[in-house]
Amino acid sequence: MDVLDLARLQFGVTTVYHFFFVPLTLGLSIMIAGMQTMYVWKGNEHYKHMAKFWGKLFLINFAMGVVTGIVQEFQFGMNWSEYSRFVGDIFGAPLAIEALAAFFIESVFLGVWIFGWDKLGKRVHLASIWLVAFAANLSAYWILVANSFMQNPVGYQMAESGRAEMTDFFALITNPNVLLQWPHVVLGGLTTGAFFVLGISAYHLLRGRHPQMEMFRTSARIALIVGTVAVFATMGFGHAQGQRMADTQPMKLAAAEGLWESADPASLSLFQIGNEAERRPEAEVTIPSLLSFLTYNTPDGLVQGINQLQAQYEQQYGPGNYVPPAIWLTYWSFRAMVGAGAAMFVIGLLGIVFATRRTLEKRRWLLILAVPALFLPYIANTTGWLLTEMGRQPWIVQGMMRIEDAVSPNVTADMLLISLIGFTVIYGLLMIVDVYLLWKYARAESGSSEATASDLPELGRVY
Amino acid sequence: MDLQTLWFILITVLFSGFFLLEGFDYGVGILLPFVGRKDTERRIVINSIGPVWDGNEVWLLTAGGAMFAAFPNWYATLFSGFYLALFLILVALILRGAAFEFRSKINSPAWRRMWDYGIFIGSALPALLWGVAVANIARGVAIDGSMTFVGSFGDLLNPFALAGGVATFLLFTLHGALFLELKTDGVLRKRAEGVAKTLAIPTAVVVVAAVLIAAPQLFERLNVVMVVALLGAVAGLGGAAWFIRSGRFGRAFLGTSIALVSAVVLLFSFLFPRVMPSSLGEQFDLTIYNASSSEYTLGVMTVIALTLVPLVLAYQAWTYYVFRKRLTTSSKLEY
């Protein structure tokens with residue numbers, strides 16, 4: 001593999017890995033803050049145990065999100081120095097603001113929350129977890145402002161020096177792309193948090209051995225409501241993003257749908273075996289008119305295909321290949337994301353129905369289903385990013401800079417190989433440890449209610 | 001003052017904050033296996049920085065982000081040029097963060113010992129490598145006309161740079177020992193005092209020597225700020241050594257703090273208006289002007305930074321106030 005391939009692989013590996021941890025941080029922090037609010041408001045110790053139980057799992061996950069986040073920031077300069085020079089004027093700003101406006105709050109007040117259980121007043125301590133939750137989600141906004149510039153460049157001009165320069169900060173932070181992407185990601189995070197809580201609660205409800213079953217009953221009910229609403233809203237924002245894509249990134253839409261030839265009305269592909277070399281479908285199952293309908297809310301309307309877009313881009317940008325590599329990956333990522341979302345919605349809806357009839361615990365099959373459903377948001381989150389980033393190729397900034405022009409000229413394949421292997425090994429080992437610890441603490445029945453109560457003021461000491 | 005200069009100063013402030021705060025953090029991590037002998041002792045050592053290390057590390061992230069936003073060419077040249085050194089720092093920081101979080105989650109001595117060494121390596125490696133990086137920047141590295149670093153990793157490991165590495169390593173360790181002295185009690189406090197007493201004089205000598213050999217043109221470029229910083233560094237180090245002898249450790253900690261901040265200010269004022277001098281010729285130097293973002297970006301970022309930095313300082317100072325008490329081996333720390 002050459003330098004470009006290695007740098008791309010490294011970015012893919014580190015980003016996907018980072019995003020295993022981030023969504024849970026986003027969503028679970030809000031849920032814990034909510035539980036602790038109930039505790040402070042009602043004075044009911046039950047909610048305190050809940051906040052602490054889920055808080056422990058939150059912390060095991062949080063650490064991994066933080067340490068892998070540093071790699072993300074450094075990587076732009078290390079592997080993509082030409083990209084950094086070209087868009088640093090625009091792209092650096094949201095990253096700096098993220099650190100200054102959000103990340104400081106998040107990490108400082110997380111320390112306060114962990115170590116402050118018996119040092120601070122209840123309300124001040126509650127404020128600290130809300131600040132963590134707020135800052136984590138704000139942090140996501142700034143990162144997505146940066147990413148949105150790559151998807152849909154706005155608020156810039158090309159300078160004489162040949163680089164892009166910011167001309168309108170307000171346009172940058174209100175990029176129509178980020179206004180849909182941020183809620184999509186934040187709600188996806190909430191979905192992740194909810195299905196995480198639901199899965200582990202369902203596990204304990206099935207086993208029925210934990211000394212604090214009531215905690216899991218309440219947790220499951222909260223998770224069902226939060227998760228179902230969140231996943232529904234996530235799909236809504238996702239749908240809106242798809243419609244926007246028809247205007248701003250039609251090639252990504254065409255790749256996601258496996259639409260090789262423009263069509264009006266366009267049919268939705270359910271299953272396709274594509275021939276990427278010849279740029280045509282080998283075999284497929286479609287539903288007539290549905291793609292037009294999903295795109296324009298009417299049964300007809302032209303949806304552009306890969307081959308026509310390729311021809312158009314050659315006119316516009318000069319000769320070259322403008323078709324994303326590995327269409328199959330984009331195509332199936334999209335289906336996996338939507339499929340996982342739909343499955344979560346169905347599970348959530350059934351759960352709510354049974355919970356309101358107070359028969360949830362009798363429907364063991366649903367609880368059994370809810371345990372592995374814990375992985376569904378992870379599938380959706382990962383494939384969602386694959387779709388977003390793979391579909392943008394060969395552009396690193398849509399229509400402005402191609403990926404091969406972005407890579408560091410002085411970084412050698414050997415250096416990349418060393419770091420790629422290094423990151424992969426250490427990430428792999430830490431993943432094993434992390435999942436093991438999550439599993440251990442999620443199952444932990446460590447004794448009576450009293451143990452759980454005194455366990456977590458100790459959280460600070462167990463750090 | 002133009003915006004480029006203002007941002008150069010802001011980045012100096014961020015790196016000063018990083019060296020001052022993460023400096024004792026690294027020092028405590030380096031001392032962990034030596035000062036803490038029993039599990040409870042190690043727990044106290046870790047807890048002395050437990051509530052703050054994560055916030056301290058954000059100073060680095062912010063400095064990196066600010067560099068990217070204000071001087072993208074500096075960021076691109078430095079990060080791609082020092083690739084393997086930064087990779088090692090990243091691995092160390094990953095290990096360190098994971099170790100803090102994971103070490104006490106399983107009640108097994110072998111498990112904890114393993115992560116304790118993770119904390120040690122994760123602290124020692126960056127403590128060394130930041131000095132190597134700083135010394136290389138001060139001496140100048142091979143940067144060509146396209147602002148690209150064209151040297152190799154081996155070039156970065158020259159004797160001058162390694163002297164810089166040893167200097168930051170010792171300085172951080174001393175700083176950490178003094179922090180531990182202030183945060184702990186009993187046997188830990190005694191051991192921290194012992195480390196401080198042993199390290200004070202050697203650290204002062206090595207740091208002065210490293211500054212002189214890493215930046216041979218130091219006295220050619222002398223200006224008012226540099227003179228003040230130089231005096232600050234010498235007074236800070238000398239003061240620290242003096243107060244350690246007389247057993248006034250709070251003042252000694254103030255001394256190492258002043259020394260660390262002065263050292264960063266000295267470096268940056270020595271560089272100014274360059275950000276990365278080139279060893280291939282002055283015409284290839286990266287300066288705050290040829291490396292900077294546009295006036296518009298700098299203007300926007302200035303408004304944001306001047307609003308947020310005081311706020312960050314305020315709440316971070318508050319957390320140090322909340323967790324100001326010494327940690328003792330009283331029953332509260334049992335687990």
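Predicted model: local features only at pLDDT ≥ 70, side-chain atom pairs only at ≥ 80, totals over all residues.
Residues are numbered from 1 along each chain as its sequence is written, chains are lettered from A and ligands numbered from 1 in the order in which they are written, and side-chain values use heavy atoms, without hydrogens and water.

**Chain B, elements and build.** I recorded twelve helices and two strands (DSSP runs numbered from the N terminus: helices H or I, at least four residues; strands E, at least two). From the N terminus on, the order is α-α-α-α-α-α-α-α-α-α-α-β-β-α. The radius of gyration of chain B is 20 Å, close to the 20 Å of the globule rule for 335 residues, so chain B is as compact as a globular protein of that length (C-alpha atoms; 2.2 Å times the number of residues to the power 0.38). I noted that 64% of the 335 residues of chain B count as buried (under 20% relative accessible area, 1.4 Å probe, protein chains only).

**Chain A, strands.** I saw that β3 (residues 268–275) and β4 (residues 280–287) of chain A pair in the antiparallel sense over seven bridges (pairing requires at least two DSSP bridges). A:G274 stands opposite A:P281 in β4(A). These strands form a hairpin with four residues between them, and A:R279 in the turn has a positive phi of about 55°.

How values were computed:
Buried < 20%, exposed > 50% of the residue type's maximum accessible area, 1.4 Å probe, protein only.
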